[in-house]
Amino acid sequence: MNHKKRKILLTVLALMVLLGGMFHKNAVMTVQAETGNAFSVEAELLRSDSETYDVRLTVENKGDDWEGIVRLLVDENYQVPSAFDTVLSLPQGSKKQFVVKVPVKSVRGTNGTVTVSFLTGNKVAAKKRFDRLLTGQMAALSMGVLSDAYPELTYLDMGGRELYFHYDYYPIKLVELKQGNLEDELDTLEILVIDQYNTGILTAEEMDAIELWNYNGGILIIGTGAYAEDTLSGFDGGYLEINCSEIHEPGDEYAINYPGYGYTDLDMPQLTMAELQETSAGYGYSELYEDSFFRGLFGSIGNGSVCVLPYSFTELGQMDGSFWRSVEPEDFVQGLMDNASSNAGSRYSTSSYYSDDYSYSIKNLLGVMGYSNNVLNFSLLKVIVILYVIFVGPVLYLVLRLLKRRELYWIAVPVSALFGIVLIFFAGRGFEVVDTRVYSVTMMNPSDDKKSTSYLYCYDASRREWDLKLAEGCEYVGPFNDSYYYYSILGGDKPYHYRIKKEGDILSMGINPESNFEDSYFYLSSTGNDSGVEGSLLMQNMSAGINGLSGTIVNDTNKDMTYFAVLVDDSLSVYRGLPAGASCRLQDAELLYITSDYYYSWYIYDFLQDYYSDGKYREVSALAALGVGVYDVYSHQRDGEFAVIGVVENWDKTVDDDCSEISYGCLYSVQ
């Protein structure tokens, strides 16, 4: 081999070694980035109820024994992250699996990121980021189609076009349903379409499953047209309370008067139309939108929505270009899906229009509780100030005169003044909020399984980070949708504002404040009946008419209610309390406040303001707590339902730690 060839070969070998080293280094770095040196972590969003996002973490230690904190950081776009910490011990080579519950009320949007970190002290040993984890990492929205003509309905996936849902856009994935797999598939669906199918063959269990799925957030869309009677037969006498009174052939007057999509861009008279009617005057799930482009029955049920259309999706899909005119079928279906799901709380359960008004109202009422209770007693402090003034004046002069050192008076006065200021400052601290202050309202339906939820308003006098251990039985806790903090508020050294910590079975909550007396709000759920509530809260013969409410309220519990309220639709009436074991006719009860359009600001300024002006701070606090309970029930109450809410003072504490907690309970019942 000549010198030139040898030189070329050595150059090639050197390049191969260099490139090999680079690839090896890249591979190691990739492993290090994914595993964080000694750790690996996987996160999965489990299916759960509508109250929490249940994130299952699987963590493994591939290095030395380790003890520390596994932190799940929920990082929403432009919002302050919230840390959910789990204290954990991981011996070498061990793997553990646990679930972190993040309350839905703690998250405004699901399009942010979730970062899982391993912390040794305050040092991050490893971390891994998961994008869009709280959306279930789903690639698409699942739409179940229950129809005898499924192949003709595949256009409902909009050709891959995406639908806006939970602050993001998702394509639709179709799932063919049959009677045999309906119940099993329901829990995997966001949308259910029923068209050209005899629902009368479905069992009572299957119909109940559809109703429960719908109420818990499912979006139900029913096409009728020529198949209306069969398609609606299973719902006859059921929760939808609708039927078909007549079927109109294409081209008749009913079809001609049907409004088209947009500016008559669709030839709707080509379709067979079913004339839909409500079978009950008390129909509370939807309204007939006469002037909408998609005229039909639209509305909400629970956290879900219902849409029943007078035409069939099967027939719609068979229309040719003369029907569609200038509108693409995908445009029509996208608009229809958007309208059909717009009433579903599940679609916007964390959106601003749904949650901001709800959370803002709760926070204001909790703030009234805190403000009315924050009346400090300065009697002893006044005595100290008076004694100090007397001492600095004549007493100090007489003392110096007796000591024959009157010339020191002008020096002793400023020294005494400085000492007095320090004394008053430290004495006055005893009248400030030295420890953390907590105001809580706990909601409980005594006829239910005794599970309770609580709203908490907290603050601390100092700027130091604080946390409080919660009482036993707390199932989950999180910030109550605080939407007004932004990254600009946090310094670069403060990665979170709210912090939830779990150590064994004990949960703690706290904040990393930016200022003294910084407000914070939490939402928590507890299991068990630690408050010792027995019995039920009952309503009998309830009715509402032009003469007001009538009926009987029975407090068949062992708790005295200081005040109680009756709510039906937007009408609210507040009455003087009802002792344990007592009952009263509403006509005979002492009515304190009534409005036909309940809204928290009216409740505060039209009702509570008078009590506050009269110095009735205890009454203001109890009535504000009642307002929290009323608004909680009001936010998910169905049309036409009656609700009674009673406030109980001196409820069991939600916090088992050093703090000043003023707690109320709200017992409620809905029928």
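Tutor: Start with K451, which is partly exposed because its relative accessible area is 26%. The model is a predicted one, and that applies to every value below.

K451 pairs with E51 in a salt bridge, and their closest N and O atoms are 3.2 Å apart. E51 sits in the loop between β1 (39-46) and β2 (52-61), while K451 sits in the loop between β18 (436-444) and β19 (452-459), so the bridge ties together parts that are 400 residues apart in sequence. E51 is also partly exposed, because its relative accessible area is 28%. The pairing has a plain basis: side chains of opposite charge can pair when their charged atoms come close.

A second bridge joins K101 and D54, with 3.1 Å between the closest N and O atoms. This pair also links distant parts of the chain, since K101 belongs to strand β5 (residues 95-103) and D54 to strand β2, 47 residues apart. K101 has a relative accessible area of 27%, so K101 is partly exposed. D54 has 8%, which is why D54 counts as buried.

In the whole structure, a search finds 13 salt bridges.

Disulfides are another kind of link to look for. A disulfide is a covalent bond between the sulfur atoms of two cysteines. The structure holds 0 of them. Among the cysteines, C244 has 17% relative accessibility and therefore counts as buried. C474 has 12%, so C474 counts as buried too.

Now the rest of the chain. The protein chain has 13 helices and 32 strands. Of its 671 residues, 49% are buried. L192 is part of strand β11 (residues 191-194). Beyond four places in sequence, L192 touches several residues, including L177, I210, W213 and I221. The C-alpha atoms of L192 and M143 are 5.6 Å apart, although 49 residues separate the two along the chain. Across the chain, 69% of the contacts between residues at least 6 apart in sequence join residues at least 24 apart.

V395 lies in helix α10 (residues 379-402), and its 33% relative accessibility is why V395 counts as partly exposed. The chain as a whole exposes about 31,800 Å², of which carbon and sulfur atoms supply 52%.

Last, the confidence of the prediction. The mean pLDDT of the chain is 80, and 77% of its residues reach 70 or more. Over residues 281-293 the pLDDT stays under 50, and the model has 33 contacts beyond four places in sequence for them. Residues 483-492 also have pLDDT below 50, with 28 contacts beyond near neighbours in sequence.

Definitions and conventions:
Residues are numbered from 1 along each chain as its sequence is written. Side-chain values use heavy atoms; hydrogens and water are left out. Helices (H or I, at least four residues) and strands (E, at least two) are DSSP runs, numbered from the N terminus. Buried means under 20% relative accessible area, exposed over 50%, partly exposed in between (1.4 Å probe, protein chains only). pLDDT is the predictor's confidence in each residue, from 0 to 100. Contact means heavy atoms within 4.5 Å. A disulfide is a pair of cysteine sulfur atoms within 2.5 Å. Accessible areas come from the Shrake-Rupley method with a 1.4 Å probe; for residues, only the protein chains shown count as cover. A salt bridge is a side-chain nitrogen of Lys or Arg within 4 Å of a carboxyl oxygen of Asp or Glu.
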